[in-house]
Amino acid sequence: MTTVSDIPDWAYVEAGLSYSTSKLPTLADCDQMLKASPILNANKIIAPVQMHLGGEDRRVPFYQGLKLYFSLKALGKTTKVLMYPKDSHPINSVHSDADSFVNSVVWLYRYGCCS
């Protein structure tokens, strides 16, 4: 994430590390980030997961979400992915926003607060 996101410090913070623009990540930093990665912890996820991915997202590249989705499917977890090719990190075009909202409500009724 440190080389593909528009907020490279996020990966450091999520792994409990300090970020500096004046240094490259060490092997220990990379190891700590990998250990905090959702993809490596997919087997621990117990809640159903619905992902909304923007094809133009510079913050979290959509292909990383797809990798998590396929990992969860391979583990037999309940998951669904909604792809919005023309949206970025905020899914906020009118059509996508409406679709995202409706699908979220249906998901919550099926698996969340109202099941």
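Visitor: How many helices and strands are there in the chain?
Guide: The chain has four helices and two strands. Keep in mind that this is a predicted model.

Visitor: What pattern does the chain follow along the sequence?
Guide: Going along the sequence, the pattern reads α-α-β-α-β-α.

Visitor: And what box do the C-alpha atoms fill?
Guide: Roughly 45 × 30 × 25 Å, taken along the principal axes.

Visitor: What share of the residues is buried?
Guide: Of the 115 residues in the chain, 25% are buried.

Visitor: Let's go inside. Which residues make up the largest nonpolar core?
Guide: There are seven of them: Ala-42, Val-49, Met-51, Leu-53, Leu-68, Tyr-69 and Leu-72. Strand S1 (49-54) and helix H3 (62-74) are the elements that give two or more residues to this core. As a general point, nonpolar side chains tend to be buried together in soluble globular proteins.

Visitor: Pick one for me. What is Leu-72 in contact with?
Guide: Leaving aside neighbours within four places in sequence, Leu-72 is in contact with Ala-42, Ile-45, Val-49, Met-51, Lys-77 and Thr-79.

Visitor: What about Ile-46, where is that found?
Guide: Ile-46 is in the loop between H2 and S1.

Visitor: Is Ile-46 buried or exposed?
Guide: Exposed, because its relative accessibility is 80%, and the cut-off for exposed is over 50%.

Visitor: How far apart are Ile-46 and Lys-77?
Guide: In sequence they are 31 residues apart, while in space their C-alpha atoms are 7.5 Å apart.

Visitor: New topic: how many aromatic pairs does a search of the whole structure find?
Guide: It finds four. One of them is Trp-107 with Tyr-111: the ring centres are 4.5 Å apart and the planes are at 50°, so this pair is tilted.

Visitor: Where do Trp-107 and Tyr-111 lie?
Guide: Both are in helix H4 (residues 94-111). They sit four residues apart, which is about one turn of the helix.

Visitor: Which residues form a nonpolar patch on the surface?
Guide: Phe-101, Val-102, Val-105, Val-106 and Tyr-109 do, with about 490 Å² of accessible area together. Take Val-106: this residue is in helix H4 and is partly exposed, with a relative accessible area of 40%.

Visitor: Now for charges. How many salt bridges does the count come to?
Guide: Two. Asp-29 forms a salt bridge with Lys-23, and Lys-35 forms a salt bridge with Asp-31.

Visitor: How far apart are the closest N and O atoms of Asp-29 and Lys-23?
Guide: They are 3.1 Å apart. Asp-29 is buried at 10% relative accessibility, whereas Lys-23 is partly exposed at 38%.

Visitor: And for Lys-35 and Asp-31, what is that distance?
Guide: Their closest N and O atoms are 3.1 Å apart too. These two are four residues apart in helix H2 (residues 27-36), so about one helical turn separates them. Lys-35 is exposed, with a relative accessible area of 52%, and Asp-31 is partly exposed at 38%.

Visitor: Let's look at the start of the chain. Where is Trp-10?
Guide: Trp-10 is in helix H1 (residues 9-14). With a relative accessible area of 40%, this residue is partly exposed.

Visitor: How far apart are Trp-10 and Leu-108?
Guide: They are 98 residues apart in sequence, and their C-alpha atoms are 28 Å apart in space.

Visitor: Last one: where does Ser-20 lie?
Guide: Ser-20 is in the loop between H1 and H2, and at 24% relative accessibility Ser-20 counts as partly exposed. The C-alpha atoms of Ser-20 and Pro-8 are separated by 9.8 Å, with the two residues 12 apart along the chain.

Definitions and conventions
Residues are numbered from 1 along each chain as its sequence is written. This is a predicted model: local features need pLDDT of at least 70, side-chain atom pairs count only at pLDDT 80 or more; totals for chains, interfaces and linings use all residues. Side-chain values use heavy atoms; hydrogens and water are left out. A nonpolar core is a set of buried Ala, Val, Leu, Ile, Met, Phe, Trp, Tyr and Cys residues joined through side-chain atoms within 4.5 Å. Buried means under 20% relative accessible area, exposed over 50%, partly exposed in between (1.4 Å probe, protein chains only). Contact means heavy atoms within 4.5 Å. Rings of Phe, Tyr and Trp (its six-membered ring) pair if their centres lie within 6.5 Å; planes under 30 degrees apart count as stacked, over 60 as edge-to-face and the rest as tilted. Patches are made of residues with over 30% relative accessible area and no salt bridge: like charges are joined within 9 Å, nonpolar side chains (Val, Leu, Ile, Met, Phe, Trp, Tyr) within 5 Å. Accessible areas come from the Shrake-Rupley method with a 1.4 Å probe; for residues, only the protein chains shown count as cover. A salt bridge is a side-chain nitrogen of Lys or Arg within 4 Å of a carboxyl oxygen of Asp or Glu.
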